[in-house]
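Let's take a walk through this structure, looking at a few charged pairs, a sulfur link and a hairpin. Have the model open as you read.

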Amino acid sequence: MLKFSLQSAAGIALSLAAVATAQTVKTQINFPQPIAGVAVNPVTNLIYVVQPSFGGTTDTLTVVNGSTDRVVRNISVPVGAYLPAVNLATNTIYIASCNTFSTAPSCFVTVVDGKKNRVLKKIPVTTNEGDGLLGIAVDVLSNKVYVSNATDGVIDIIDGSTWTISGVLGVSGGTPTGLSVNPFLHRLYVPLSDSGVDIFDTKQRSLLSTTALGSADSFAAVNLVTGNVYVTDAVTGPSTIAVLDKTGAVTATVPVGDTPYGLDVDPLTNRIYVSSTALDAVSVIDGKTNTATATVSNVPAAFVAVDFVTSKVYVSGGSSLTVLTEK
């Protein structure tokens, strides 16, 4: 079992203060058709990419070796796969999925063993037709998985020990989307599309506050060292990233490119990487100054996952996975 420490992570961050600021495209992995979400396990140095079949017999979870940045395995998973999330402590991958191609549509979370590369369970979430599962995040300390159930308008809590739904959080309104969790502070941040961001106490399972911001809040990402939270406002045209402190108060807004969507944070370099879906680009934000310091162009971009150990950024969009180097 892995041991995590906020203090030790902060110490590493200080030791990396002299890291260079250039971001470059290292390689690009092409797929036969559009791909969806991406997640990283920095402990095993493996990257997980979802390949929907769009109504085929099975979808695919593709495994990329972070040392070579090459595909090493394809795992068949149930149809409807969209967003993956990884529990670093248990080496388990969870995939938010909705099969809308079936005559009886359903949404569920697929559980994959990261060591044996096989599906362990399919956890039912909802059979109602609606917006589906639009976000998933893992609390590695409590071994809980949080799922944005936009169909029912709630956050479903999955117990990682039993792989069953152990609770539900009711959101204040809107449509829950790409949520993010801070396991050290017991906080869950849930963007609500056009209704702001809900902040929950995961220990007490209670809604603490709601922050009004943006008009199309889509994804959130937490810096586990500073406690800051970053939220994309996926509006067409020039947009902004909202910066929240750990309580949910807005401390800054950062201008970025057209239609920002997925994002992720490197807690060690204190950089935030934001996809610009309309521009095929990635914006780089300095978390210390809250300014955009660079834009990496010609990168099909929808979802982002950072490996803070190797200082690589994985960006999925269109039918390709682009690998960026931070240094």
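A disulfide here means a pair of cysteine sulfur atoms within 2.5 Å. This is a predicted model, and it holds 1 disulfide. The partners are C98 and C107, with their sulfur atoms 2.0 Å apart. The link of C98 and C107 is right-handed, with 110° about the S-S bond. Buried or exposed? C98 counts as buried because its relative accessibility is 16%, and C107 is buried too, with a relative accessible area of 7%; the cut-off for buried is under 20%.

Now for the charges. Side chains of opposite charge can pair when their charged atoms come close.

| Salt bridge | N to O distance |
|---|---|
| K26 and D69 | 3.1 Å |
| D69 and K312 | 2.8 Å |
| R271 and E326 | 3.3 Å |

D69 sits in the loop between β4 (59–65) and β5 (70–77), and at 4% relative accessibility it counts as buried. K312 is buried as well, whereas K26 is partly exposed, with a relative accessible area of 42%.

The K26 and D69 salt bridge, with its closest N and O atoms 3.1 Å apart, links distant parts of the chain: K26 is in strand β1 (residues 24–30), 43 residues from D69. For D69 and K312, which meet at 2.8 Å, the separation is 243 residues, with K312 in strand β27 (residues 312–317). Leaving out residues up to four places away in sequence, D69 touches K26, T27, I29, V64, K312, Y314 and V323.

The R271 and E326 pair is a separate stop on the tour. With R271 and E326 meeting in a salt bridge, R271 lies in strand β23 and E326 in the segment after β28 (320–325), so the pair ties together parts that are 55 residues apart in sequence. R271 counts as buried at 8% relative accessibility, and E326 does too, at 0%.

Strand β23 (residues 271–276) runs antiparallel to β22, and 5 bridges join them. P260 stands opposite S276 in β23. Between β22 and β23 there are 4 residues, and N270 in the turn has a positive phi of about 60°. As for cover, strand β22 (residues 260–266) has 5 of its 7 residues buried.

Conventions:
Residues are numbered from 1 along each chain as its sequence is written. This is a predicted model: local features need pLDDT of at least 70, side-chain atom pairs count only at pLDDT 80 or more; totals for chains, interfaces and linings use all residues. Side-chain values use heavy atoms; hydrogens and water are left out. Helices (H or I, at least four residues) and strands (E, at least two) are DSSP runs, numbered from the N terminus. Buried means under 20% relative accessible area, exposed over 50%, partly exposed in between (1.4 Å probe, protein chains only). Contact means heavy atoms within 4.5 Å. Two strands pair if DSSP finds at least two bridges between them. A salt bridge is a side-chain nitrogen of Lys or Arg within 4 Å of a carboxyl oxygen of Asp or Glu.
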